Amino acid sequence: MSGLCSDCLDLTDVQDAEKLFKEQVSAGLSSSPKTLPSRFFYDEIGSRLFQQITRLPEYYLTACELEILRRSGGDIISLVPRRKFNLVELGSGDGTKVIQLLEPGLADNRQFTYLPIDQSVSAMQTLTSDLSERYPELEVRGIVAEYGAGLEWIRRHLKGPVVLLFLGSNLGNFPGNEAEAFLQRLRYTLAPEDFLVIGLDLYKDPEIMNRAYNDSHGVTAQFNLNLLRRINRELRGNFDLEEFRHYSTFNPSTGGVESYLLSASKQSVLIRDLNRTFEFDRREPIHTEHSHKYTEDEIRCLANRAGFEMEANLYDSRSYFVDSVWRVPAS
Ligand code: AVI
């Protein structure tokens, strides 16, 4: 554990993270079809590219959620009993969204601590110092950690009611049944009458979804290709980024936008730290991300199965996105 920024707690285990990256790259590129987990997108460069994606006109998700929170941030805060509480955010990013809850909370003289959890030290440093400068009266404590370690810290250390924000359709990137298991973990972290506010992208016209993952500026392509750049840098790989192409498309059978990197030619790639060479056929895919798009039924079912009660569903004006407010039942 190390104190990298004054208002932050750093729970990162660097050795563990490096080991996991190595193991998962090796397993993913040895499997058929080849895969690389999307959780590894977010090194410093990837986190910056993702922030750029959120500002693209085609990537409607962020603008829709911001619209919802601008309108209803104050209502979410008013659901919490009038005593000191904790506003926890998993995967906090640049803070643009949470401001829509912080401002009404502060304006209403509510007592609370804001605890963002994010893997990126630099993103956390920027966020906590920006917020402290802008709102000197705000109590903020950043936690630099993977979701799992961050949640465990929350479960052990926090006293008082919790509102947990899990925004941006981040749940949609969990593979298959891991999403449900993760929601159960969130439920276990929370106490009776705590709230989870979960942002989910809704199933809509595939053309709209396809445009969001194939932006005209090529930022999403760079974001996807950055996985290979990261392997080159951290595991001494020799991927030629010009020899791989970004490909994303909605798949109605899986209910998600599936993203791939396609090999432009038959080629061999050496990853020195793995002591291995991987062979690629022309147009062979590496599956890099599943971005799930939810139906209303799926959302209801997820909430029930994880043991939450659905309190409210907040939609943007086009009903592209929902912030669903779930409560842990009273014991
Ligand atoms: C973070 N996550 C919800 C984004 C998504 O939409 O799946 C990541 C992303 N991938 C491509 N564009 C954005």
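By class, the lining of the second largest pocket comprises 11 nonpolar, three polar and 12 charged residues; here Ala, Val, Leu, Ile, Met, Phe, Trp, Tyr, Cys and Pro count as nonpolar, Asp, Glu, Lys and Arg as charged, and the others, Gly among them, as polar. The model is predicted, so local features need pLDDT of at least 70 and side-chain atom pairs count only at pLDDT 80 or more, while totals for chains, interfaces and linings use all residues. Residues are numbered from 1 along each chain as its sequence is written, and side-chain values use heavy atoms, with hydrogens and water left out.

The second largest pocket holds about 690 Å³ of space. Pockets and cavities are found on a 1 Å grid over the protein atoms alone: a cavity is a set of points where a 1.4 Å probe fits but cannot get out, a pocket is an open set with protein on both sides within 12 Å along at least five of seven lines, and lining residues have an atom within 4 Å of a point. Grid points are joined across faces, edges and corners, and a volume is the space filled by probe spheres set on the points. Of the 26 residues lining this pocket, Thr12, Ala17, Gln119, Glu146 and Arg230 are the closest to its centre. Helix H1 (14-30) and helix H9 (219-235) are the elements that give two or more residues to the lining, and H1 has the largest share, eight residues. Helices (H or I, at least four residues) and strands (E, at least two) are DSSP runs, numbered from the N terminus.

H9 also packs against helix H2 (44-54). The axes of H2 and H9 come within 9 Å and cross at roughly 175°; axes are lines fitted to C-alpha atoms, for helices over the stretch in contact, and angles run from 0 to 180 degrees between N-to-C directions. H2 and H9 are therefore roughly antiparallel to each other, given that angles under 35 degrees count as roughly parallel, over 145 as roughly antiparallel, 65 to 115 as roughly perpendicular and the rest as oblique. Ile45, Gly46, Leu49, Phe50, Gln52 and Ile53 of H2 make the contact with Val219, Thr220, Gln222, Phe223, Asn226, Arg229 and Arg233 of H9, contact meaning heavy atoms within 4.5 Å.

Two cavities of 30 Å³ or more are found in the whole structure. The largest has a volume of about 160 Å³, and Phe50, Tyr59, Tyr213, Glu289 and Ser291 lie nearest its centre among 18 lining residues. H2, H9 and strand S13 (285-292) each supply at least two residues of that lining, S13 giving the most with three. The second largest cavity contains about 30 Å³. Its lining consists of Phe41, Tyr213, Thr220, Phe223, Asn224, His246, Ser248, Ser259 and Glu289, with H9 giving the most, three residues.

Helix H6 (residues 147-157) and helix H7 (residues 178-189) pack with their axes 9 Å apart, at an angle of about 20°. H6 and H7 are therefore roughly parallel to each other. From H6, Tyr147, Gly148, Leu151, Glu152, Ile154 and Arg155 meet Phe182, Arg185, Leu186, Tyr188 and Thr189 in H7.

Tyr147 also takes part in an aromatic pair. Rings of Phe, Tyr and Trp (its six-membered ring) pair if their centres lie within 6.5 Å; planes under 30 degrees apart count as stacked, over 60 as edge-to-face and the rest as tilted. The count comes to 20 aromatic pairs. The rings of Tyr147 and Phe166 have centres 5.6 Å apart and planes at 90°, so this pair is edge-to-face. Because Tyr147 lies in H6 and Phe166 in strand S7 (residues 162-166), the pair ties together parts that are 19 residues apart in sequence.
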